[in-house]
Amino acid sequence: MSVLPPRAVRGMSDILPDKTRLWSWLEGQLRQLMSRYSYAEIRTPLLESTRLFARGIGAGTDVVEKEMYSFSDRSGDSLTLRPEATAGCVRAGMEHGLFHNRQERLWSYGPMFRYERPQKGRYRQFHQLSVEAFGMEGPDIDAEQILMTRSLWQQLGLTPYVQLELNSLGTAQARAAYRDTLKTWLEQRQDALDEDSRRRIHTNPMRVLDSKDPATRALLTDAPQLPAFLDGPSREHFEQLCASLDEAGVSYTLNPALVRGLDYYSRTVFEWTTTELGAQGAVCSGGRYDGLTTQLGGKPVTACGFALGMERLVLLLESCQRLPELAAEVDAALVSCGDLGSYSLLLADKLRAACPGLRLQLICGGGSIKSRMKRADRSGARLALLVGESEKEQGTVTVKFLREERDQLQLSFDDLVSSDLLASEPLADPGSPGAVKTGKYSGSH
Ligand code: HAM
């Protein structure tokens, strides 16, 4: 019986070496952005108790109802692979007293898991940069987070390709009043709704506003609107946020139908969307969640945050041709010409010790000189360092330039090390906007 070779789980992708360099570069950009805005990194487990997400995200949401990877562990406890990072971050903050009489700005990064129908931009394992600020009630932090994301788009050359949508959900009470009114309105028209929306009337009526069904969308143009239900303080909060954004020159669209798929939001919600990626247009989404800590049984802590989808960001950079030109990962390849025993192995480590920045690949695995030179070339290195019997005897290295028309050199070990030949090429500086150039990603060799 033949055995099928193993394959990755549907919706969970391998990120291969021709893409990991781009990912690492992008992660460097994000890390730098976080430190420029004085956010500290937090790392929480990928597994949390199922209860945390049911209580935090909301039992009636799609994420909790249909998309979680949950299982019982060997002691019978129900655990879930995190579908998002906010609930875990809040749990950690409460557990370790991080919110006690102080403000915190935290970020985390890593894989999330949702059992969704995979398609371009939507996966079952995907990566988020999740950014959370605690203990700040005023709209200045909402504005700062939006400006921070705007600064990222500028840094990546993506400004023309993203648009900001904004809404306020008001307090939990205001939202509940709106939900009741909307529910009654929808019930009276349920025959005209699509099947999914009909079901949602009873589980989560505000999610009907997100329906993609054309007939439902047409009907919804006359639906009661959330802004009419906003309480005074929330309205003022939102107006102040809008005024700050106007002053900062951020353009945005007010979208009263923007309600978000997770239940913990209150007041501000926002989404950066793009038309470049088809149906999965949300690249970065978030908002305020002032009620989450109390929902989880703790003291009230005001909070605001967002998450950025890495896969969508990578797709966007590719689709808009905003990929950086990244330097090769290897500076020099050491090729041994003949059977020199361990000589090249030891010489390579001697060179690494003498030139700490040097990225040196020893061409291993035998083969003819021609095939070793081919591998040296494929490594992307600028230089091939050749050693044969005569070099070994004389303590020299022959330097061949793989990317330039230049005569080869024969140098002693000391001369080679003290020359500037082995100074590594500077990598694209993640901080400088100049590092981002249009054009093709020169990733693989
Ligand atoms: P979310 O809107 O569920 O919010 O996800 C945030 C971002 O993650 C989305 O805008 C999208 O870019 C990306 N994303 C979501 N699902 C997928 C998927 N299946 N495949 C690929 N990318 C995806 C949250 O997760 C909140 N925790 C955000 C937040 C933080 N709110 C406050 N703080």
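Student: Which residue does the side chain of E48 join in a polar contact?
Tutor: The side chains of E48 and R91 are joined by a polar contact of 2.8 Å, where a polar contact is a pair of N or O atoms within 3.5 Å, and within protein one must be able to donate a hydrogen and the other to accept it, while residues adjacent in sequence count only if both atoms are side-chain atoms. Please keep in mind that this is a predicted model, in which local features need pLDDT of at least 70 and side-chain atom pairs count only at pLDDT 80 or more, while totals for chains, interfaces and linings use all residues. Residues are numbered from 1 along each chain as its sequence is written, and side-chain values use heavy atoms, with hydrogens and water left out.

Student: Is E48 buried or exposed?
Tutor: E48 counts as buried because its relative accessibility is 8%, and buried means under 20% relative accessible area, exposed over 50% and partly exposed in between, with a 1.4 Å probe and protein chains only.

Student: Where does E48 lie, and what does it touch?
Tutor: E48 lies in strand β2, residues 47–49; helices (H or I, at least four residues) and strands (E, at least two) are DSSP runs, numbered from the N terminus. Not counting residues up to four places away in sequence, E48 touches F53, L79, T80, G88 and R91, contact meaning heavy atoms within 4.5 Å.

Student: Okay, new topic: what about R372, is it buried or exposed?
Tutor: R372, whose place is in helix α13 (residues 369–378), is buried yet has no salt bridge, a salt bridge being a side-chain nitrogen of Lys or Arg within 4 Å of a carboxyl oxygen of Asp or Glu. The nearest side chain of opposite charge is D339, 7.2 Å away; Lys and Arg count as positive and Asp and Glu as negative, while His and the chain ends are not counted.

Student: Then what does the side chain of R372 reach?
Tutor: The side chain of R372 reaches the backbone oxygen of S336 at 2.4 Å. Leaving aside neighbours within four places in sequence, R372 is also in contact with other residues, including V335, C337 and I363.

Student: And V330, where is that one?
Tutor: V330 lies in the loop between α11 and β12 (332–336), and V330 is buried, with a relative accessible area of 12%. Among the residues that V330 touches, not counting those up to four places away in sequence, are R359, Q361 and S379.
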